[in-house]
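Please examine the structure shown here with attention to how its parts meet one another.

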Amino acid sequence: MEEIERDVMEFDVLIVGGGPSGLSAAIRLMQLANENEQEITVCLVEKGSEIGAHILSGAILEPTALNELIPDWQEKGAPLNTPVSSEEIMFLSETGSLKTPNAFLPPAMHNEGNYIISLGNFCRWLGEQAEELGVDVYPGFTAANVLYNEDGSVKGVQTGDMGVQRDGTHGPQFEPGMELHAKQTFFAEGCRGHLGKELKERFNLEADSQTQTYGIGIKELWEVKPENHQPGLVVHTAGWPLSTDTYGGSFLYHLEDNQVAVGFVVGLDYKNPYLSPFEEFQRYKTHPKIRDTFEGARRISYGARALNEGGIQCLPKLTFPGGVMVGCEAGTLNMPKIKGTHTAMKSGMLAAEAAFEAIQSNFDVVELVEYTNRFHHSWVRTELDAARNVRPSFKWGLWLGTLYTGIDQILFRGKAPWTLKHAHADHETLLTKDQATKIDYPKPDGVLTFDKLSSVFLSSTNHEEDQPIHLTLKDDSVPVAINLAKYDGPEARFCPAGVYEYVADENKKDGSQRLQINAQNCVHCKTCDIKDPTQNINWVTPQGGDGPNYPNM
Amino acid sequence: MKILVPVKRVIDYSVKARVKSDQSGVELNNVKMSINPFDEIAVEEAIRMKEAGTASEIVVVSIGVEKSQETLRTALAMGADRAILIKAADTVDTDIEPLAVAKLLAKVTEEEAPGMVILGKQAIDNDMNATGQMLSALLGWSQVTYASKITVDGDTLNVTREVDAGLQNITAKLPAVITADLRLNEPRYVKLPNIMKAKKKPMDIKTPEDYGVDVSPRLTITSVVEPPARAAGIKVESVTELMDKLKNEAGVLS
């Protein structure tokens, strides 16, 4: 292909990703610049068509970091409208349920003072705050590649080309991406960012940490009957429909305006290749304790996103020459709290403070080690330390994991003198098809339970049709030769959006199958990149602005 | 020649529109909004005319809420020169009707004296398809709707229109109001530096009172409902069964 002439723009700090961590970093940088009457340039790019378009979370917000960042958030109209008013944790069996008395709940699992929010709307608001402070916020632009200086340090990113056709040639609307250079680039792509994946490898950032483990969260937003609505109610469950050797559970949050967010998280270290997180979620809603909430209700949105579950022992090195990782890109989620917004925000703020200090001393530091120092002296570190043993204990199953969690969190208050290890990387855990039992999922009823396609429809996902497929395969023969032959094509089940489908191969008469990739359905959850047993799938950014358009998620 | 391009901020085409539970309208809060696709085509056409030397200046105008500024900025980033926002509504739920829009646009046209007004044939939110026609009537200008190709030759327009029977070629005299159809062009992608530059392009903010136009609604929306859900399909085993179902259940064959 011909060499493309690319425009270049220079900034002091470039931020990749408009989620809580990236936006908090941008805001903190500008606040410090304004306080010190110093001019700095901060640019934030976001692949979604607008800020919040690709954001999906439960979500319960612990307002600690927000109180520090924008103490007058209430006056500024932050969309924190529903304080948590009551909460329940239940263990479900197929027909029954066991409620955990609140006295037995570890302190991390209490939610007094927290808010049920739409993280997408919260990010939209943060985006407005950032723009008002003078951040250049550019939604609709992907960071396609990392750019490096001759000395190997990060120079910035190149935004994605627009108008490339399916075969890679330039269409009539072709618009080349440009080079964004910065003294420091903050990578804030969220869990399993595709640039972060490259950086971890290139700078060997995980040399001293354990392998990250992940989960997939699938969420629906419902409008329920007023009589079934209790604003501020939080319900978490564990157990059914998952088997006890699979980590996972549900959340059900009553927001404002008769809306209920309901979702299901499955640890991606699950073993059975026949497991479908999507179907488990659909089945969960039919539980007698759950289904009543949705009687006569209407589903209004759907989406999915992978999340980090590894905790502090999986946190990579946070800095490298020319850049840093913040938020879920690094993996700051607190698993026992099931919350990551406050820690992500704080990590962004800490990186911003370190970067601003460096700017003031004329940026002679290439690697922002001060960020790491600040991180390890912050409450994020303390909090994640206390949380570190909960998730790995569930490798012993639900009951022992729960028992251990009680001991670790209540008896030791997270200060047990040992650190548990995660057993495997998530892509290594699948049993082969002859070792596993098929799971017979019930058919959707179209009222309470649905199929994938009608669900993806509600995510308002859109991809320009004529563009290269952004779910790339390292080797085209692997899906059929290994994934299908050995594991019976698990990607058709772990993808919550129906992207992967094994269909009859028209070119062969022997009834053999081929993998069809419906890239247009992709909701950018990154699960395939994580769980593909052969690690053959590599998720890259599609055209800027493409993907889901989540409202209120 | 100056070109005036009216643009509307509408619910984004990729968003699944949802009717509010009280049936008063479509839910627009926290929903992605963007420039009406047909208006975007109109902006693109004007820019191409400017690039070809036919037009000298492009003024974009929007009538709506404060946030319609974003829509105007999009048009400015594409290549329009300056913008006028007529702030006629406080909430996105207030839709300004075509006649009020046309009256405001007529006033703006009188003030700006463009040689041509190009606008989308309809907005994808309420599909009225009326503003362009009303505007040309108010101005007494030539009216050219559903344009899929426009060439300008002095003060003569040669336009290909998309009509039910196919394509119709017509000529008209300038000044004229042209409404853009889907195949007129494919709008460009906006360049990042141009978004930055667009922030510095001039934007006048006006109100309907400035033009002496009453925008209060003349229509009452009694209710908005979703189309009935399609019943699920079934698989039939044989042609006989299919014929039987078509005759006896669907009632489409006798």
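In this predicted model, 26 residues of chain A are in contact with 17 residues of chain B. On the chain B side of this contact, seven residues are nonpolar, seven are charged and three are polar.

Chain A itself is divided by the domain assignment into domain 1 (8-71 + 121-209 + 316-387), domain 2 (82-117 + 213-308), domain 3 (390-420) and domain 4 (447-539). The centres of domain 2 and domain 4 of chain A, taken over C-alpha atoms, are separated by 26 Å. Between these two domains, 23 residues of domain 2 of chain A are in contact with 21 residues of domain 4 of chain A. On the domain 2 side, the elements that contribute two or more residues are strand S14 (214-223), helix H5 (277-284) and strand S18 (298-308) of chain A. Of these, S18(A) gives the most, with eight residues. The side of domain 2 of chain A that touches domain 4 of chain A comprises 14 nonpolar, five polar and four charged residues.

The largest nonpolar core has 141 residues, and the members that touch the most others are Ile15(A), Ala26(A), Leu29(A) and Ala351(A). Helix H7 (residues 341-360) of chain A is the greatest contributor to this core, with 11 residues. Apart from neighbours within four places in sequence, Ala26(A) is in contact with Ile15(A), Val42(A), Leu44(A), Ala130(A) and Val135(A). A second, separate core consists of 58 residues, among them Val7(B), Ile86(B), Val159(B) and Val215(B).

Which residues of H11(A) are buried? They are Gly401(A), Asp408(A) and Gln409(A). Seen down the axis of H11(A), these buried residues fall within an arc of 80°, and they therefore line one face of the helix. An α-helix has 3.6 residues a turn, so residues three or four places apart point the same way. The buried residues of H11(A) pack against helix H10 (390-393) of chain A, whereas on the other side of H11(A) the residues Trp399(A), Ile407(A) and Leu411(A) are exposed. After H11(A) comes Arg413(A), which has a positive phi, near 50°.

Terms used:
Residues numbered from 1 in each chain as written. Chains lettered and ligands numbered in written order. Predicted model: local features only at pLDDT ≥ 70, side-chain atom pairs only at ≥ 80, totals over all residues. Buried ≥ 20, exposed ≤ 12 C-beta atoms within 10 Å, placed from the backbone. Helix = DSSP H or I, 4+ residues; strand = E, 2+ residues; numbered from the N terminus. Arc of directions from axis to C-beta. Contact = placed C-beta atoms within 7 Å. Nonpolar A, V, L, I, M, F, W, Y, C, P; charged D, E, K, R; others polar. Domains from an automatic or database assignment. Core = buried A, V, L, I, M, F, W, Y, C linked by C-beta atoms within 7 Å.
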